[in-house]
Amino acid sequence: MDRGTVHIVGAGLAGLAAAVRLAGAGREVVVYELARHAGGRCRSYFEPALDLTLDNGNHLLLSANVAALAFLRTIGSGDKLVGPKEAEFAFADLASGERWLLHPNNGRLPWWVFSKRRRVPGTNVFDYLPLARLLRGTPDRKLGEVIACEGPLYEKLVRPIFLAALNTDPAEASSSLASAIMRETLARGGRACRPLIAQNGLGPAFIDPALCYLERNGATIRFDHQLRKLDLAGDRIEALDFGEMSVKLASDDAVILAIPGSVARLVVPGIATPTTFRAIVNAHFKLKPPPGFPKLLGVVNGTAEWLFSFPDRISATISAADRWIETPREELAQKIWDDIAKLIGAPGDLPPWIIIKERRATFAALPEENARRPTAVTNWPNLLIAGDWTATGLPATIEGAIRSGNAAADLVLGAGRSMRGSSVG
Ligand SMILES: Cc1cc2nc3c(=O)[nH]c(=O)nc-3n(C[C@H](O)[C@H](O)[C@H](O)COP(=O)(O)OP(=O)(O)OC[C@H]3O[C@@H](n4cnc5c(N)ncnc54)[C@H](O)[C@@H]3O)c2cc1C
């Protein structure tokens, strides 16, 4: 993979991150994308039903997401994520009516657990000790076998955080992935836990500037190009088959497949990929949030777990939402709205709304699925893979997707960093 063209298939964040790194390093890059737009599962679109531009799903990042933040700086979007100066998470419990602010201190020494004002109400300092178990590297198991998945600390902190980050019921989720989250966030102190949101949309923050960066750096993007097949010859990929056209590879060209695992398994012989998925449901309600309503609110004992407020709407997220997929949209919208109405103290008619159900939002972060994630390297020396489903050591997140794209690009550039997990092919 010396100085030839790098062909990247898939213009989600993994593909874009690889393309940005390679084009920035002066390599010739061509990106092929099935859709007529970039961004994959992380994008903005105009929703005529609300006459608003929405994100396909509310996305929360943390200041610990170093690769995502570096990507944004590179493409000139360093200021597009907003959040509080310190790690602060507002919570409301709909059953008890209680409200609190979780406020981990900045440094690594977690003295916030000693402070009643900063920790979760109804917990004491000893409740937090078992979480330390997650910092020890243990074989991957169900999280419920490592820590108790019950009690106030679990219900009011551990469950909402892990459910959002893993998109899987925490009790059955991978302890290794939960442990990675802990190590990269809470264990590094509040400084690593500041919540960050693309207040003006994912497209304007992540996608449009990345496309501009690629254009400035001479990369080509071909939309409406669906990879159908890889033409394999011996230990090399010889051509990319897009149906009506085929791209023949020169001997020093490289390919990075940054497509979903479910598609990769159709084109890469013998590849292992996660095979079970979890849904995410987002509901958007068109209204001006009342003054002082938090930009991000964790909701305990409600239908949705997190509310995001924007100047023109309140949006709700339900993770691991498979149980709601068959519920009629009107019924679900009313249920979520009833909770919001309680929280904003304004019962009234349902405002204009839309529900977006992503059935296969992420792979299920179960131990057995985590074990099925391949590394970037394949048995074909000119073929690498990237995507949030590859062995990043993180759950399916923006951070994981970008790290995977960076890792594949680094391998092409000869500065390959090792990635955990099994190789494929
Ligand atoms: C509703 C929702 C909410 C989320 N919330 C969060 C969050 O709060 N925080 C967070 O960090 N992450 C969140 N995520 C996860 C995050 O969006 C993903 O991890 C990330 O966007 C994955 O990027 P990717 O490039 O790996 O995959 P994708 O975005 O799936 O990109 C793959 C690309 O390949 C293209 N493609 C597919 N097949 C072909 C083909 N045959 N030929 C050519 N191109 C093809 C697709 O069109 C797509 O553009 C959320 C995801 C969803 C769906």
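Predicted model: local features only at pLDDT ≥ 70, side-chain atom pairs only at ≥ 80, totals over all residues.
Modeller: Residues are numbered from 1 along each chain as its sequence is written, and side-chain values use heavy atoms, with hydrogens and water left out.

Colleague: Happy with that. Why are α3 and α4 called roughly perpendicular to each other?

Modeller: Helix α3 (residues 152–166) and helix α4 (residues 175–184) pack at an angle of about 110°, with axes 11 Å apart. Roughly perpendicular covers 65 to 115 degrees, while angles under 35 count as roughly parallel, over 145 as roughly antiparallel and the rest as oblique. The helices are therefore roughly perpendicular. Axes here are lines fitted to C-alpha atoms, for helices over the stretch in contact, and angles run from 0 to 180 degrees between N-to-C directions. The helices (H or I, at least four residues) and strands (E, at least two) are DSSP runs, numbered from the N terminus.

Colleague: Which residues make that contact, and of what class are they?

Modeller: Contact means heavy atoms within 4.5 Å. Phe 162, Ala 165 and Leu 166 take part from α3, and Leu 177, Ala 178, Ile 181 and Met 182 from α4. By class, there are 7 nonpolar, no polar and no charged residues. Nonpolar covers Ala, Val, Leu, Ile, Met, Phe, Trp, Tyr, Cys and Pro; charged covers Asp, Glu, Lys and Arg; the others, Gly among them, are polar.

Colleague: What makes Thr 185 buried or exposed?

Modeller: Its relative accessible area is 10%. Buried means under 20%, exposed over 50%, and partly exposed in between, with a 1.4 Å probe and protein chains only. Thr 185 is therefore buried. Thr 185 lies in the loop between α4 and β8 (195–197), and touches Leu 62, Ala 64, Ala 192 and Cys 193, not counting residues up to four places away in sequence.

Colleague: Which residues touch the most other members of the largest nonpolar core?

Modeller: In that core of 59 residues, they are Phe 162, Leu 230, Leu 240 and Leu 257. α3 gives the most to this core, with 6 residues. A nonpolar core is a set of buried Ala, Val, Leu, Ile, Met, Phe, Trp, Tyr and Cys residues joined through side-chain atoms within 4.5 Å. Another core, of 45 residues, lies apart from it and includes Leu 22, Cys 42, Ala 198 and Ile 398.

Colleague: How do you know that β3 and β4 pair?

Modeller: Two strands pair if DSSP finds at least two bridges between them. Strand β3 (residues 44–47) and strand β4 (residues 52–55) have 4 bridges, in the antiparallel sense.

Colleague: Why are β7 and β18 at the edges of their sheet?

Modeller: The open sheet has 7 strands in the order β7-β6-β15-β16-β17-β14-β18, with mixed pairing. β7 (99–102) and β18 (353–363) each have a single partner strand, so one side of each is left without a neighbour in the sheet. Strand β6 (residues 89–93) pairs with β7 in the antiparallel sense over 4 bridges, and Phe 91 stands opposite Trp 100 in β7.
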